[in-house]
Structures are given as structure tokens and as C-alpha cells.
Amino acid sequence: MSEQTLSKRSQQNLPAGASFEKLIQVLGNSYGDNNLEGIVSLGVAENGLMHEELAAYFNKLEFKSSFLTYGDGPFGSRALRSALSSFFNDYFNPVQKVLPEQLLVAGGVTSVIDLVTVGVADEGDGILIGRPLYTSFKNDVRARAGARMVPVSAQGKDPMSEEMVAQYEKELQKQERQGIKIRAIILSSPHNPLGKCYSIDALKAYMRFCQRYRLHLISDEVYAMSIYKTPSNASAVPFTSVLAIDTTNLIDANLVHILYGMSKDFSSNGLRGGILLSQHNPPLLSSLKSIAIFSWPASTTENYWTALLTDRPFLDSYFAENRRRLAAGYARLTSFFTAHGIGWVEGSNAGFFLWADFRGLLGADIGVVGDDDGAGVEEKGGEQMVEAVAVNEKPAQGQVYKTSRRAKERDEWFFGKLMAAKVYVATGDAFFAEEHGWYRVSFSVPEPILKVGLERLGRVLEEVKEDGGAR
């Protein structure tokens, strides 16, 4: 009965609030030296590989009384915006120089997504995002701004390819026939959860698509500096920022916006620093400044981030060591998967995770792609039969796994075994995967913790194999 006293907006957000309980259960009982029976998290996109170095660096900084003030206001200090503009100019290879006035700073990228959604979409409008997709996008665009996240199914196409643009167009036309106005697309670039980078040709194809339909192109580049190389992924597509592409004859520049933050590349999820960079849309930035007070960044965060950005010797050594440790974590996890017969998306070279294929272990059947046009899962998810081409090399190109309600039950059964073994990985359902049996597994935890997590995961895999697969 108490729900009836809430606004319609709050009632709509109740399920989203409940969905955080699983994560809270993990975070509140994390494995560590003082909790050896805790849960090892290999399912959260948090980089713990450089925490000690950053903590030591921040501990050397003087905490000034000015950190306790409002600073320069609610959308980023002059010093931080100046440091960020220099950072983008030096590391992102922009076609046009980035200026401090083109930046808006907020308390994390989640806040920035909320802000930019308010800026480009009205309540009920749609934002296209390709599947699989970062789990929080749905809540980020809907909870306050009231926009709709519209997942775009790959249906056999490579999610990172130019071909995928046709799927976006198909979904846009479908939504607009149903009366939903599409206002923007969000590209996760580098991609979460695939851990891959878009080619320049693919980025240009998305720009042409957005120009054709007058859509905003929002590029989420939070993993831009978390690119690593190993002998097995040396030929992977390198990262290119949309800043580095000349938009002439591709898209009106005022439709292009970049998201960036402190959480991923700077291993500082807890400090909550995010930015919107819009080089050619002053009215958007001006309008968002009027509501930036709701996502005001902490002065401590601003000053710590400014210190990092302006200390180039430390920053360069930090990025180099971070890449080395990410590469080592990738190699450790891929070796584990190979030993246990688990596939993963080939060509990953970015972020903290792999998109891993447990379908064979869970007993899914292999079929052939059909002509079905309704395989996509709607925003609330679906129970119908789903078909999609595998995105790694197992099975061969052109083959698919078909999954059904029973496959969903197998997925839930497997996840239950993982949690019972005190190891958490993120399920494909959370990322709007087109098939059950996919999981995002993170490797960006310190080696001793990764070792324990993989030992626990390995025991579960052996138990499932001995049982003859999921029941």
C-alpha cells in the first residue's frame, strides 16, 4: 500500500532499486585479508591493480582548506577543466583543439549520462544502444530523465562492425512506427562488455547514420587509456576517439559528444569524477549548467584529479604500468579459459574484462540461422526462442546457439553455483545479451585475489562437467 503514496516516477524506479541488491551483497562481503570467506568479485568493472600506487600518490598531496569550499562552482573548477583540455589534446589526438569551456564536470559518468539525456531527449524519447550493452545505461537514461533505452540486436552481425549500423536503422524505423522518437545513440567506445575498439570506418558509418536522422552521437570513452597488448591480441583494432575524426561531410559537429571520467582509466571509482565534452554545442552545455548543481563534483575529487593530470611524469608511468598489469591479467584469464575449454570474444584489447562463452558447458544446442526477425529481447527481457551468431570462433561463422526458457533456467542454476562457491561474475542477462550462457569476467584485481577467484571458478566448472552439464 505504501507504494501508492509514491510518485509514478518512483514506482517505475522500484524494480531498478531492487536490482542493486545482488551487487550490494557482493560489495558488502568482499574477499580480503580480513575476510577470507568473502566473495571474490570478478564481475565488477573496477580496476584494483593500481590502487596502492594511487593511494600513495594522493597521500603525499596536501589537503588544503580550500578543498572544503564550493570551489569554482557546480560544473568543474577552472584548473581541472584546463588540465582536462590539455589531457585530451595530448592523448586523444583531436582534430580541433579541446578548450576548457567545452567541458562540463560532474560527480561521475553516471551523472553525466543523466545530464546529457536531459539535454538531448524528452521524456519517453528513445536512445539506441547496441547489444550486448553496459548494464547501467538503462537506469542512467531513464531514472530521472525519463528517456527509453532501446537495445539494438546484432542478429548475427559483428556488434563492432559497419554492418551493425543497418541494425540501428532497422530498430529506429521500428520504434518510430510505434510512435517513439529516437533522439540519440550511445556508443561504448571502447566497448563494455566486449572489450573491443571500433574501427575508424565503423565510427564514420555511425556518424553518417546519425546525420541522416539528426541524432546525437554520444561516445562513452571511459576506457580510452586502458588499452593493452599481448602476443595473442597484437592485431586487435586500436582505439580511436571520435575527437580524432574530421566530421566534415560526415555529421554536424554539434551532434557529437564525448563522455569520460575518473573511474576507469584512473582507477578511482570512489572519487566520482565525470565529464561531458561537447566541442560545438554551447547551448547544450549552457542548458546543463542550470541543473549541474544536482551533480556537483566534490572539491577533493577535482583537486586530486587536477594533480594527477598535471603531473605528466607520474601520469605516463602510471598508464604504462597499468597497461602492463592489464595485459598480465588478460593473459592469466585467457590461459585459464583455454585450460577449461571456455571461449571468449576474440580481439579484446581494452577495459578490465572478457566476454566469456559458457554456453557449451551449460548444454545449449547448436542450430542454423533462420529468417526470424523477432529474436531481439525487448527492454524488459524475453522468454521467447532467441537466435544469434556466436561472436568468437566457437562455433564456426554462420552457426548459432538457440536458447529458450530452459536455457535461462540453466543460466540461473550456474550463477547460483558460482555464488555458493563465493565467486561473482556478471551474467549476460545484465548486459542484455542475445543469448544465455555469456558472462563478463573481470581480470583487473590484484594477482593474489585473481588466483583465489579462478580457483573457485575452476572448482565450479569441474563440478558442472562431472554432473554432465547444467540440469
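Q: In which helix is Asp201 found?
A: Helices (H or I, at least four residues) and strands (E, at least two) are DSSP runs, numbered from the N terminus. Here, Asp201 belongs to helix α8, which covers residues 200-213. Residue numbers start from 1 along each chain as its sequence is written, and side-chain values use heavy atoms, without hydrogens or water. The model is predicted, so local features need pLDDT of at least 70, side-chain atom pairs count only at pLDDT 80 or more, and totals for chains, interfaces and linings use all residues.

Q: Is Asp201 buried, partly exposed or exposed?
A: Buried means under 20% relative accessible area, exposed means over 50%, and partly exposed lies in between (1.4 Å probe, protein chains only). Asp201 has a relative accessible area of 46%, so it is partly exposed.

Q: How many helices and strands are in the chain?
A: The chain has 13 helices and 16 strands.

Q: What share of the residues of the chain count as buried?
A: The chain has 471 residues, and 55% of them count as buried.

Q: What is the accessible surface of the chain?
A: Accessible areas come from the Shrake-Rupley method with a 1.4 Å probe; for residues, only the protein chains shown count as cover. The chain total is about 20,300 Å². Carbon and sulfur atoms supply 50% of that surface.

Q: What share of contacts join residues at least 24 apart?
A: Contact means heavy atoms within 4.5 Å. Take the contacts between residues at least 6 apart in sequence: 76% of them join residues at least 24 apart.

Q: Which residues does Ile127 touch?
A: Start with its place: Ile127 sits in strand β3, residues 126-130. Ile127 counts as buried because its relative accessibility is 0%. Leaving out residues up to four places away in sequence, its contacts include Thr117, Val141, Met149 and Ile185. Val141 is 14 residues from Ile127 in sequence, and their C-alpha atoms are 8.1 Å apart.

Q: How many salt bridges does the count come to?
A: A salt bridge is a side-chain nitrogen of Lys or Arg within 4 Å of a carboxyl oxygen of Asp or Glu. The count comes to 16.

Q: How are Glu321 and Arg325 placed in helix α11?
A: Glu321 and Arg325 are four residues apart in helix α11 (residues 312-340), so about one helical turn separates them. They form a salt bridge, with 2.7 Å between the closest N and O atoms. Glu321 is partly exposed at 22% relative accessible area. Arg325 is also partly exposed, at 22%. A network of salt bridges links Glu53, Glu321, Arg324 and Arg325.

Q: With which residue does Glu447 meet in a salt bridge?
A: Glu447 pairs with Arg332, at 3.5 Å from N to O. This pair links distant parts of the chain: Glu447 lies in helix α13 (residues 447-466) and Arg332 in helix α11, 115 residues apart. Glu447 is partly exposed at 41% relative accessibility, and Arg332 is partly exposed at 29%.

Q: Are Arg359 and Asp357 buried or exposed?
A: Both are buried. Arg359 and Asp357 form a salt bridge, and their closest N and O atoms are 2.8 Å apart.

Q: Which residues does a cis peptide bond join?
A: Most residues other than glycine have a negative phi, and most peptide bonds are trans. In this model, Ser189 and Pro190 are joined by a cis bond, with omega about 0 degrees. Pro190 lies in the loop between β5 (182-188) and α8. The bond from Asn192 to Pro193 is cis as well, with omega near 25 degrees. Pro193 is in the loop between β5 and α8.

Q: What is the phi of Asn249?
A: Asn249 has a positive phi near 65 degrees, and it is a residue other than glycine. The loop between β6 (216-220) and β7 (256-261) holds Asn249. Asn249 counts as exposed because its relative accessibility is 78%.

Q: What is the phi of Arg272?
A: Arg272 has a positive phi near 55 degrees. Its place is the loop between β7 and β8 (274-277). At 33% relative accessibility, Arg272 is partly exposed.
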